[in-house]
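Biologist: Could you walk me through reading charged contacts and a metal site in a model like this one? I'd like the general idea each time, then the case at hand.

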Amino acid sequence: MVSKVALLLAVLACSQYLAQGVYVVSKAEWGGRGPKWTVALGNYLNYAIIHHTAGAYCETRAQCNSVLQSVQSYHMDSLGWPDIGYNFLIGGDGNVYEGRGWNNMGAHAAEWNPYSIGISFLGNYNWDTLEPNMISAAKQLLQDAVNRGQLSSGYVLYGHRQVSATECPGTHIWNEIRGWSHWSA
Ligand SMILES: [Zn+2]
């Protein structure tokens, strides 16, 4: 009984809700591995870069946990990166999933990594489609990033294809984010 209470407290301590109730699933909660190493990421960054994983879509916590573990294994074991590449990911269930998290530099946009946070939607958005709760989750996460000083209030939002030769973040996300207030051509 004591151990169950301790476990519950531990889960509560590392979980959180964003302002409008979007749940941020900690890496421990989705079964992620700790980083091999980290590099500090500064505050008041001027860029947020949106991606898709170009892989599996997921609709439930359990599915997303499994997909995230696969993405992390690919990044760490096949690509040799110290952790999953993105700072945060968003599932088809509308939850935000912690990747490298706040103040850790990601591996998602080459020379832009030190100047940006990377947020990736799980799925391939050349055919998968965004649900309203996924869009809301991303916008709340970005606002939280401003509130906590990770992003500057005047940050610029880019799709990955704007800074690298890639089709990322896929057609449907690309069409969506061009309507967001911080997006810039
Ligand atoms: Zn990308």
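We'll take the salt bridges one by one and then turn to the metal.

Modeller: Keep in mind from the start that this is a predicted model.

Biologist: Fine. How many salt bridges does the structure hold?

Modeller: The general idea is to look for a side-chain nitrogen of Lys or Arg within 4 Å of a carboxyl oxygen of Asp or Glu. Here there are three such salt bridges. Start with Asp83 and Lys27, whose side chains meet at 2.6 Å, N to O. That pair links distant parts of the chain, 56 residues apart: Asp83 belongs to the loop between α3 (61–78) and β4 (88–90), and Lys27 to helix α2 (residues 27–30).

Biologist: And are Asp83 and Lys27 buried or exposed?

Modeller: For that you check relative accessible area, where under 20% means buried. Asp83 has 3%, so Asp83 is buried. Lys27 is buried too, at 9%.

Biologist: Which residue forms a salt bridge with Asp77?

Modeller: That's Arg33, with the closest N and O atoms 3.0 Å apart. Again the pair links distant parts of the chain: Asp77 sits in helix α3, while Arg33 is in the loop between α2 and β3 (45–52), 44 residues away. Arg33 comes out at 33% relative accessibility, so Arg33 counts as partly exposed.

Biologist: What about Arg148, which residue is its salt-bridge partner?

Modeller: Asp144, and the closest N and O atoms there are 3.3 Å apart.

Biologist: On to the metal. Which residues are the protein donors of the zinc ion?

Modeller: The way to read a site like this is to list the N, O and S atoms within 2.8 Å of the metal. For the zinc ion, the protein donors are His51 through ND1, His160 through ND1 and Cys168 through SG, at 2.0 to 2.2 Å. Along the chain their spacing reads H-x108-H-x7-C.

Biologist: Why can I say that His51 and Cys168 tie together parts of the chain?

Modeller: Because His51 lies in strand β3 and Cys168 in the loop between β7 (151–159) and α5 (171–177), parts that are 117 residues apart in sequence. As for accessibility, His51 is at 1% and counts as buried, and Cys168 is buried with 6%.

Key: Residues numbered from 1 in each chain as written. Predicted model: local features only at pLDDT ≥ 70, side-chain atom pairs only at ≥ 80, totals over all residues. Heavy atoms only, no water. Helix = DSSP H or I, 4+ residues; strand = E, 2+ residues; numbered from the N terminus. Buried < 20%, exposed > 50% of the residue type's maximum accessible area, 1.4 Å probe, protein only. Donors = N, O, S within 2.8 Å, 3.2 Å for Na, K, Ca; no water.
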